[in-house]
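Open the model in your viewer and keep the selection panel at hand. The tour goes stop by stop.

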Amino acid sequence: MILLIFVCLAAFLWLLHLLRADRVSLGLPIAYLYLLLLIHLPGAFAHVVGYDFLVNSDLIEIAMRFAALGSICFVAGVWLARSSPPGIPILREADRHRFWWFCLIGGWSCIYGLSPLYEIPSVSAAVDKGGGIWMLGVMLGLRAAFQRGDRKRVAIWLGALMVYPILMLLLGGFLSYGSAAIIIVFSALTISTRKYWQAVVGITVFVFFTLSIFVNYYHHRDDIRNQVWGGAPLDARIGSVVDTVRDFEWLDPTNRMHLIALDQRLNQNRFVGLAAQRIQQGQVGYLEGDSVWEGLLSLVPRALWPEKPVFSGSPQIVSKMTGLRLSPTTSFGVGNVMEFQINFGIPGVVIGFFVLGWLIGTLDLKAAVAEGRGDLGGVILFFLPCVALIQPNGSLVELFSGSAAALVGALVWNQVWKRFAKKTSTIPKRAAGMSA
């Protein structure tokens, strides 16, 4: 198990070195691999440390073999995508500052201002994925502020970054969605940091801090969700979060409660290992591409096929392959490791992660090149579909349908930005003509 953990970490360091070689990247492959390892490594670590009281360590080890293999294949796919890069783009002048705020305000408008559209099939998916444009604005603005050493703007963009996670916690009771957004935004900083060792140290500190936040949230989440789901007033919800902060504890590997938290919620390995064991024992068979086919069917808009028998989410697959009865109030994603494995075994893991790495690596590279060349509308076209693919705990249905919806949203935002940029660029000229 320890060796498998080190293999995963080595793959992550290889990816970091690969992307920092020419720094033509927004760090999106880093975000994916980080989130993938986040749902596998903490649970494995908990079993290494707490081997004397945590059970089913054999299942964890089985799953970690697939996770380690998938990590290596993912990085190999990213490497292939960058094997013939277009060269370091020459930075061209563009109205980047205005673009950052356009992305931020536009994304917030989608998420918080277009709620009626969420009732319309197909349109709701495009609006939802299109709302992720706010992360692009914060990512680029925060990166520029750090590069310039502008503490004031760093604080402003960090404040903007925290709006979504805090609202998700207070309005939905969930930490995962907000944390994923933070990881996606911060991943760009791992590329722009001057020294490689500074990036490694920063990531290490970030891991320790986020895991500490998680174990504290885990032990208070029932109270937080009872307040949120019970319709408690905002001050009561804030009080529950304040109680979590007041009782804050740093992650302690000797604390059994902390290890149990990691094992319970950051341990996708249990599902993966149990499914693999049941397949080996003949209790259930490989899906042989069934869920892949469902992913392809999900590309058909529900507006054109209202009776489409494919839905986002994956509790039925997890329950079928593991034999477990899962709580309807808790999210249980099948995850990329498990879904690739239960379809085609080891070949599925190898090919699936290699292709996924190539896709995310290609989109990330094209987005970074477009940003450097000042093609800000082009950045949107590659960024949003790429972010939609960063769902290591999701299903192929979510990856396929999400990326398609994100592309539609990106096409719309690209046109909106072009018109907005053209209109605002003519304002000074008109004003100057009138004053003359």
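How do the residues of the lining of the largest cavity divide into nonpolar, polar and charged? Keep in mind that this is a predicted model. Select His97, Trp100, Gly141, Ala144, Ala145, Arg148, Arg153 and Trp157, which line the largest cavity. Four are nonpolar, two polar and two charged.

Now look at the space itself. The largest cavity holds about 30 Å³. The count of cavities of 30 Å³ or more comes to one.

Next, color the helices around this space. Helix H5 (96-113), helix H7 (133-148) and H8 each give the lining at least two residues. H7 supplies the largest share, with four residues.

On the H8 side, select Leu169, Leu170, Leu171 and Gly172. On the H10 side, select Tyr217, Ile224, Val228 and Trp229. This contact has seven nonpolar residues, one polar residue and no charged residues.

Last stop: the cysteines. The structure holds zero disulfides. Select cysteine 73, whose nearest cysteine sulfur, that of cysteine 8, is 12 Å away. Cysteine 73 is buried, with a relative accessible area of 10%. Then move to cysteine 386, also in no disulfide. Its nearest cysteine sulfur belongs to cysteine 103, 15 Å away. Cysteine 386 is buried too, at a relative accessible area of 0%.

How values were computed
Residues are numbered from 1 along each chain as its sequence is written. This is a predicted model: local features need pLDDT of at least 70, side-chain atom pairs count only at pLDDT 80 or more; totals for chains, interfaces and linings use all residues. Side-chain values use heavy atoms; hydrogens and water are left out. A disulfide is a pair of cysteine sulfur atoms within 2.5 Å. Buried means under 20% relative accessible area, exposed over 50%, partly exposed in between (1.4 Å probe, protein chains only). Contact means heavy atoms within 4.5 Å. Ala, Val, Leu, Ile, Met, Phe, Trp, Tyr, Cys and Pro count as nonpolar, Asp, Glu, Lys and Arg as charged, and the others, Gly among them, as polar. On a 1 Å grid over the protein atoms alone, a cavity is a set of points where a 1.4 Å probe fits but cannot get out, and a pocket is an open set with protein on both sides within 12 Å along at least five of seven lines; lining residues have an atom within 4 Å of a point. Grid points are joined across faces, edges and corners, and a volume is the space filled by probe spheres set on the points.
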